[in-house]
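Subject: Structure handover

Hello,

Here is the structure I promised to pass on. Please load it before reading further.

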Amino acid sequence: MSERYTTVTTGQVGVERERAVFEYALLRVIPRLDRGECVNAGVILYSQERAFLASRSDLDEARLLAVDAGVDVAGVRRALAAVEVMCRGGAEAGLAGRERPGQRFRWLTAPRSTIVQPGPIHGGLTEDPEAEVERLLDRLVR
């Protein structure tokens, strides 16, 4: 399969960079659905052009416990880890791990009523999807 990239001028005359479209969603922990309070805990990023799908999380346990002192922190950590496994795909992710990255992204970002929920999908352009996941995690979660 050949790689296809979008060339975008960066605003500096004569300087062009290859950037690809990406989509991302926050992973939010909502310990009590009836209250609707949430803690941002991770990011899922997908780029069809780069065949890239990854998730990173960083759970602020103190913040989560401030929202709900009785939350199952270990269960939340397991749910966040499961999202990362699903993004990597392969046998470890079970039958769904055989699906294409785009199908897994759509499944992971579908609305659900669980403690760990995806937020709305947003988009952007990036030269490096791996670095973009970390940038979004720093900006929106940490």
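Below is what I found in it.

First, a caution: this is a predicted model.

Overall make-up. The protein chain has 4 helices and 5 strands. Starting at the N terminus, the order is β-β-β-β-α-α-α-β-α. The chain holds 142 residues, and 38% of them are buried. Its accessible surface is about 8,200 Å². Carbon and sulfur atoms account for 48% of that surface. I also looked at contacts between residues at least 6 apart in sequence: 59% of these join residues at least 24 apart.

Helix packing. Look at H2 (residues 73-88) and H3 (residues 101-108). Their axes are 9 Å apart, and the packing angle is about 160°. Angles over 145 degrees count as roughly antiparallel, so that is how H2 and H3 lie to each other. On the H2 side, the contact uses Val-83, Met-86, Cys-87 and Arg-88. H3 contributes Arg-104, Trp-107 and Leu-108. By type, the contact residues are 5 nonpolar and 2 charged, with no polar ones.

A backbone detail. Check Ala-51, in the loop between strand E3 (39-47) and strand E4 (52-57). Its phi is near 50°, a positive value in a residue other than glycine. Is Ala-51 buried or exposed? The relative accessible area of Ala-51 is 54%. The cut-off for exposed is over 50%, so Ala-51 counts as exposed.

Best regards

Notes:
Residues numbered from 1 in each chain as written. Predicted model: local features only at pLDDT ≥ 70, side-chain atom pairs only at ≥ 80, totals over all residues. Heavy atoms only, no water. Axes fitted to C-alpha atoms, helices over the stretch in contact; angles between N-to-C directions. Helix = DSSP H or I, 4+ residues; strand = E, 2+ residues; numbered from the N terminus. Parallel < 35°, antiparallel > 145°, perpendicular 65-115°, else oblique. Contact = heavy atoms within 4.5 Å. Nonpolar A, V, L, I, M, F, W, Y, C, P; charged D, E, K, R; others polar. Buried < 20%, exposed > 50% of the residue type's maximum accessible area, 1.4 Å probe, protein only. Areas by Shrake-Rupley, 256 points an atom, 1.4 Å probe, with all protein chains shown as cover.
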